[in-house]
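Hi,

Here is the structure you asked about. Please open it alongside this note; my findings follow below.

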Amino acid sequence: MYKTHLKIQKMICLAAIIISALVFVYALGIMTNIYDSLYQAVNIKSEAGTGNKYAAGEKVAGATLYMDMQNFNHDLLIASIVMIVLGALLFVTNTSTRRRYYISNYIAIGLYSVVGLALTVYSHIQIQAFRTQFLTTVDFEGLKEFADMWGTLYTESTFAFDIHYLVFGLLVLVIIALIANMVWKLMLMSEEKALLAGKVPEAGASEEDSLTKKDRMRFIKNKPSANLAYLAILLDVIYFVSIYQSDVETWYYRWIIGVSVVYNLIFMLAAFLSSEGVKNYQRNYTYIEVALGVIQFIRIFILPVPARFATITVGDVTVQVMHGGQFTLCVLCLIASGVCLIASGIINKIKCDELAAHLKSLENQNA
């Protein structure tokens, strides 16, 4: 089991560096078409004595999108370099090859995961906003005339914006794999610790003692998986309460809130049933938990993100629908809930495989 795990964790750490490099390439390329089509359509000037560039006017309506994206593009480029460094840190701390994890390994995994998830949420919000700006503010007829006149690029394609779903989706998958690998590692370390303490058979011990250890699974519950599912439900309840205690004029009185209420009830019921299923080593509930966990990540972009950047007029004052503190709480609850469910499913799958192999060996002995 350790040999298989070591191979998988090395592949995951390598994937972390590759995906970080992919984010860097995306940061380099996202502005290519924007530059080719809009740069010359902006009157760009520099502040005297500072060298800071700014848009003094537009030759084509909406062309200042190029200038508006500069800060984000710079931040994304810097963040992608940070991700590459954090990916390298996984190798520097030997997270890719270490048989037992130490504090440095947990720190490396934690930093990569937190920064990666934060970058994903931030980038999605910004890119979606710029995509909307591109489609709603650029005068495409005027841009086509300008392109024909000056030989610049004309495009209405949003591919450079849309491809971020693939890039950051892969980043999130790698983060999930890193966390799942860490959970697996903790399980193996726990087994090894028990082995060294003489609680389970050592290598070379009799086959009968080894079977006794595995046979215990027929009579004890899978509590780690069940407890993680309970924790996922608790985190979702915190998210639920935070959202539905909000009252910002009429913003929350929409159909999507009704759908969200219904889904939360379905989620809690499904997660609770799954907790009972994995407690009894039922393999099918593994897939339900993983699906529920992935949906928790998707939900971040359905409600908390739009609410964070929405504004509404209360009296004569324009206010944000969701303040930063509430947004952070909601996002962290959904992320943690999703991670707990996925980890619960993975643990259940491993234990189900071990139990199934043991039962099969018993059948062969009795045949």
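Contact here means heavy atoms within 4.5 Å. On that basis Y112 touches A16, S20, M83, L86, G87, L171, V174, I175 and L178, not counting residues up to four places away in sequence.

Some ground rules. This is a predicted model, where local features need pLDDT of at least 70 and side-chain atom pairs count only at pLDDT 80 or more, while totals for chains, interfaces and linings use all residues. Residues are numbered from 1 along each chain as its sequence is written, and side-chain values use heavy atoms, with hydrogens and water left out.

Next, the cores. A nonpolar core is a set of buried (under 20% relative accessible area, 1.4 Å probe, protein chains only) Ala, Val, Leu, Ile, Met, Phe, Trp, Tyr and Cys residues joined through side-chain atoms within 4.5 Å. The largest has 75 residues, and I34, Y112, F168 and Y252 have the most contacts inside it. Helix α8 (residues 164-196) gives the largest share of this core, 11 residues. Helices are DSSP runs (H or I, at least four residues), numbered from the N terminus. A second, separate core has nine residues, including I233, L235, F267 and A271.

Now N264. This residue lies in helix α11 (residues 255-279). Why does N264 count as buried? Because its relative accessibility is 0%. Leaving aside neighbours within four places in sequence, N264 is in contact with D236, Y239, F240, Y244 and R299.

R299 also belongs to the α12 residues that meet α14, and N348 and K349 are among their α14 partners.

Best wishes

Terms used:
Helices (H or I, at least four residues) and strands (E, at least two) are DSSP runs, numbered from the N terminus. Buried means under 20% relative accessible area, exposed over 50%, partly exposed in between (1.4 Å probe, protein chains only).
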